[in-house]
Amino acid sequence: MIMKTNSNTYTIIYSAILVVIVAFLLAFVSQALKSKQDANVALDQKKQILYSLNIRGLDGAEAEAKYNEVVKSEESRNGKSYFVCEVDGQKKYVFPLKGMGLWGGISAFVSVNDDENTIFGVYFNHEGETAGLGAEIKDSQAWQEKFQGKKIFGENGDIAIKVVKKVENPASEVDCVTGATLTSDGVSNMLRKGLSEYINDNKKK
């Protein structure tokens with residue numbers, strides 16, 4: 001029996017076969033590329049950790065080598081992983097943080113000196129902040145560098161690091177991104193909550 005090519009049955013069967021073939025090809029390609037995609041994701045995280053340690057401008061192979069040189073171990077506090085590093089002979093701790101910005105999730109790697117009170121460097125990332133505004137938390141290296149040397153704790157032992165519209169305490173405050181108050185508030189909340197989960201209890205002992 002020869003099926004008419006202009007019939008509805010023929011169109012449905014033909015479409016179904018195409019869908020199956022395309023789905024199979026997509027699944028095959030996705031599986032074939034998975035190991036490479038996973039490697040790229042891992043390399044991107046390593047670069048972000050290096051950025052927080054003020055090590056930038058390295059290509060893939062250089063970043064891998066530098067990461068293996070400076071990151072000494074991955075450890076855990078209160079069920080949260082962090083990285084113990086060494087830069088120029090000095091111990092640094094890199095803490096991964098997560099929070100919420102204006103349009104979605106934001107994240108950070110914050111490196112802290114061995115005193116666990118002085119920020120050595122930071123790197124921020126985001127899922128969907130506005131280009132030229134909230135996205136500056138990732139795109140502006142100059143803004144990230146403002147966190148270097150800031151103190152995490154105040155004299156009373158409480159978390160003092162924050163992002164503000166007007167800096168009154170330059171020891172622990174950074175001015176917000178212009179035109180991105182809500183994203184800046186998200187960064188401030190992420191820093192205060194996230195860092196306290198790693199080191200606040202430890203500092204009060």
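**View 1. Contacts across the chain.** In this predicted model, residues 24 or more positions apart account for 45% of those contacts in the protein chain (heavy atoms within 4.5 Å) that have a separation of 6 or more. Residues are numbered from 1 along each chain as its sequence is written, and side-chain values use heavy atoms, with hydrogens and water left out. Local features need pLDDT of at least 70 and side-chain atom pairs count only at pLDDT 80 or more, whereas totals for chains, interfaces and linings use all residues.

**View 2. Fold and extent.** Five helices and seven strands make up the secondary structure of the protein chain, taken as DSSP runs (H or I, at least four residues, for helices; E, at least two, for strands) numbered from the N terminus. The radius of gyration, taken over C-alpha atoms, is 23 Å, well over the 17 Å that the globule rule (2.2 Å times the number of residues to the power 0.38) gives for 205 residues, so the protein chain is more spread out than a compact globule. Its C-alpha trace spans about 90 × 40 × 35 Å along the principal axes.

View 3. Ile17 lies in helix H1, residues 8-52, and counts as partly exposed because its relative accessibility is 47%, between the limits for buried (under 20%) and exposed (over 50%), with a 1.4 Å probe and protein chains only. The protein chain exposes about 12,100 Å² by the Shrake-Rupley method with a 1.4 Å probe, of which carbon and sulfur atoms supply 53%.
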